[in-house]
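Keep the viewer open and follow along.

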Amino acid sequence: MIILFSSSLGLMAVKFKKKQLSYIDSLIYIAQKMQLMLSSTSPETDEIMSELKNDDRLKNFDFELLDENCPLSPAENDRSKMLFNTVGKYDLDCQLSYINQYIGYFKMLKQEYQEYYNSHYKLYLVFGLFSGVLISVLLI
């Protein structure tokens with residue numbers, strides 16, 4: 001039982017890292033969609049947000065960007081909040097420039113998270129399994 005529990009903890013850690021990657025993908029998609037809408041039709045802020053909220057790919061995304069629901073660090077989440085707060089407040093060129101910077105930053109961040117995941121996910125699984133075995137042996 002202990003082995004299963006510790007193995008599941010390792011698996012949960014791996015799933016959390018996958019969730020971070022998926023979340024970053026969603027943020028990049030949102031920014032790219034905003035960029036496309038702003039550069040083509042220049043819609044109002046409400047139109048942009050309603051279009052994003054109605055997107056099938058984003059149906060489970062939390063647009064409130066609450067820190068407790070975000071798998072990223074608070075500093076990274078603050079960047080996303082800033083993006084949502086700046087849409088419609090500045091001229092088009094400033095908005096597009098900020099969105100380009102945002103996309104570049106999160107693409108770089110995704111690459112870092114992906115490299116970390118690729119090099120560490122097996123360690124989480126093995127550590128979970130072996131810590132359970134170790135605890136079981138010590139208790140016996």
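**A guided look at the helices and the pocket**

Q20 has a relative accessibility of 6%, so it counts as buried; buried means under 20% relative accessible area, exposed over 50% and partly exposed in between, with a 1.4 Å probe and protein chains only. Q20 sits in helix α1; helices here are DSSP runs of H or I with at least four residues, strands are runs of E with at least two, and both are numbered from the N terminus. Leaving out residues up to four places away in sequence, Q20 touches P71, L72 and Y113, where contact means heavy atoms within 4.5 Å.

Before going on, a word on what you are looking at. This is a predicted model, in which local features need pLDDT of at least 70 and side-chain atom pairs count only at pLDDT 80 or more, while totals for chains, interfaces and linings use all residues. Residues are numbered from 1 along each chain as its sequence is written, and side-chain values use heavy atoms, with hydrogens and water left out.

Now back to α1. K19 is also in helix α1, but K19 counts as partly exposed because its relative accessibility is 45%. Between K19 and L72 there are 53 residues in sequence, yet their C-alpha atoms are 9.4 Å apart in space.

Not counting residues up to four places away in sequence, L92 touches L38 and S42. L92 is partly exposed because its relative accessible area is 35%. L92 and L72 are 20 residues apart in sequence and 28 Å apart in space, C-alpha to C-alpha.

Follow α4 along its length. Its 48 residues (92–139) should span 70 Å at 1.5 Å a residue, and the end C-alpha atoms are 65 Å apart, which agrees. There is a kink of about 45° centred on H120, the bend at a residue being the angle between axes fitted to the seven residues ending there and the seven starting there. The buried residues of α4 include L96, I99, F106, Y113 and G128, and the buried residues of this helix pack against α1 (2–40) and α3 (74–86).

In α3 you will find N77. Is N77 buried or exposed? At 0% relative accessibility, N77 counts as buried. Not counting residues up to four places away in sequence, N77 touches Y23, L65, L66, D67 and C70. Of these, L65 is found in the loop between α2 (45–53) and α3. L65 has a positive phi of about 55° although it is not a glycine, and L65 counts as buried because its relative accessibility is 3%.

Finally, look for the largest pocket, with a volume of about 180 Å³. Its lining consists of K19, Y23, S26, R57, L58, N60, F61, D62 and N69. A pocket is an open set of points on a 1 Å grid over the protein atoms alone, where a 1.4 Å probe fits, with protein on both sides within 12 Å along at least five of seven lines; lining residues have an atom within 4 Å of a point.

Terms used: Grid points are joined across faces, edges and corners, and a volume is the space filled by probe spheres set on the points. The expected span of a helix is 1.5 Å times one less than its number of residues.
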